[in-house]
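Here are my comments on the model you sent.

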Amino acid sequence: MQSPRERNFISDNNAGICPEALTAMEQANQGHVAAYGTDQYTAEACDLIRQIFETDCEVFFIFSGTAANSLALAAMCQPYHSVICHTMSHIQNDECGGPEFFGGGFKLLTVSGPNGKITPEALKRTAQKRTDLHFPKVGAVSLTEATEVGTVYSILELEALRSSASDLNLLIHMDGARFANAVATLQCSPKEISWKVGVDVLSFGGTKNGMAVGEALIFFNKDLSREFEYRCKQAGHLSSKMRYLSAPWVGVLKEDTWLKYAKKSNTSAGYLRDGLKSLGLKILFPVEANGVFLQLDERLMAGMLYRGWKFYDFIPAGGCRLMCSWDTTREDVDQFVSDMADLIASDEDRRDEVELLQH
Ligand SMILES: *Cc1c(COP(=O)(O)O)cnc(C)c1O
């Protein structure tokens, strides 16, 4: 079995820190600076976020996306509420019950929908199914932009969802772990897929787009952020040396570096899709962000893993997920596609030599 590659397609959080974030962190590493977010770097990062979103908003820097989502939903809902989300959503599948735990008992209600998206009809159906006292009151909907399967809600789709949510009196949370990728794809301004389409609270991802750690939790609905600093502190999400969490945001928000890298990883994914399609392979979802979902039989999966490539092979029905990162190169993609071409042309079978189902 070949040694692992320097870069792989397993997840955009396997990539390191982009130079701009690292430099900003180094520059912040001077002298003594006020703790717990009362420093100038944190103030500047919050101002930059207000600038790029073109609105007044409250911003909190949180260590992980799981915590950002969980604490946001806890601030938006009562323990007797429910939150509508997609069956494939991160809050449902990958947060170990964090939202329900921090929410003190609220329930997630899942809805399915094509391409990882919730439709207004499904939202309405689910919200109106039970409205009696014995069922948890539907309080919010959580949308993931870009979605867990690498698609992107268009502005029109978000407007339609906003209209339904507002008819149903629901707050809107957006899990934007890959929000930057969605902005890059839609070539819109950040406000057009956030507060202008009714998003009350946005978990704006930094980690997967080239930062070391940290997500920005943005309250466009400032009423919901009342006493949020206590919730953060209690959960252990008030960073003491906050400058190291916030300064990298200054580094990537300046000069649109965050968009540059999002575009780059999206472009790599498009290039990867084209290469794999040219080999006759089937792509499972439209490639609209930085992920490619590929149908692959076990022989091909095993052969690629044997060659030292890494990717998730857990997608049901013989699928695998290939994530591109801010540092994915054309050469990485070329090498992957050429290895795949060799493998397809051969009868090599490594199924007994590698372990499938890594997830
Ligand atoms: C990665 C990711 C998160 C954040 O996960 P953490 O590991 O907790 O930082 C949240 N939502 C989605 C859709 C993600 O892909």
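**Notes on the ligand site and the fold**

1. A polar side-chain atom of Asp-175 is placed 2.6 Å from a nitrogen atom of the ligand. Please keep in mind that this is a predicted model. Taken alone, the ligand exposes 390 Å², and 81% of that is buried by the protein.

2. For Thr-66, an N or O atom of the side chain is 2.5 Å from a ligand oxygen.

3. Which residues surround the ligand? The shell consists of Ser-64, Gly-65, Thr-66, Asn-69, His-90, Glu-95, Thr-144, Glu-148, Asp-175, Ala-177, Arg-178 and Lys-208. Sorted by class, 6 of the shell residues are polar, 5 are charged and 1 is nonpolar. Helix H3, which spans residues 65-76, contributes the most to this shell, with 3 residues.

4. The ligand takes up the space of the largest pocket.

5. On aromatic residues, the structure holds 17 aromatic pairs. One of them is formed by Phe-53 and Phe-204. The ring centres of Phe-53 and Phe-204 are 5.6 Å apart and the planes stand at 85 degrees; planes over 60 degrees apart count as edge-to-face, so this pair is edge-to-face. Phe-53 belongs to helix H2 (residues 40-53) and Phe-204 to strand E6 (residues 201-205), so the pair ties together parts that lie 151 residues apart in sequence.

6. Two backbone details deserve a look. The peptide bond joining Glu-145 and Ala-146 is cis, with omega at about -10 degrees. Ala-146 is in the loop between strand E4 (137-144) and helix H7 (155-167).

7. The other backbone detail concerns Asn-169, a residue other than glycine with a positive phi, near 65 degrees. Where does Asn-169 lie? Asn-169 is in the loop between H7 and strand E5 (171-176).

Note on methods: Residues are numbered from 1 along each chain as its sequence is written. This is a predicted model: local features need pLDDT of at least 70, side-chain atom pairs count only at pLDDT 80 or more; totals for chains, interfaces and linings use all residues. Side-chain values use heavy atoms; hydrogens and water are left out. A residue is near a molecule or strand if one of its heavy atoms lies within 4 Å of it. A polar contact is a pair of N or O atoms within 3.5 Å; within protein, one must be able to donate a hydrogen and the other to accept it, and residues adjacent in sequence count only if both atoms are side-chain atoms. Accessible areas come from the Shrake-Rupley method with a 1.4 Å probe; for residues, only the protein chains shown count as cover. On a 1 Å grid over the protein atoms alone, a cavity is a set of points where a 1.4 Å probe fits but cannot get out, and a pocket is an open set with protein on both sides within 12 Å along at least five of seven lines; lining residues have an atom within 4 Å of a point. A molecule sits in a cavity or pocket if more than half of its atoms lie within 2 Å of its grid points. Helices (H or I, at least four residues) and strands (E, at least two) are DSSP runs, numbered from the N terminus. Ala, Val, Leu, Ile, Met, Phe, Trp, Tyr, Cys and Pro count as nonpolar, Asp, Glu, Lys and Arg as charged, and the others, Gly among them, as polar. Rings of Phe, Tyr and Trp (its six-membered ring) pair if their centres lie within 6.5 Å; planes under 30 degrees apart count as stacked, over 60 as edge-to-face and the rest as tilted.
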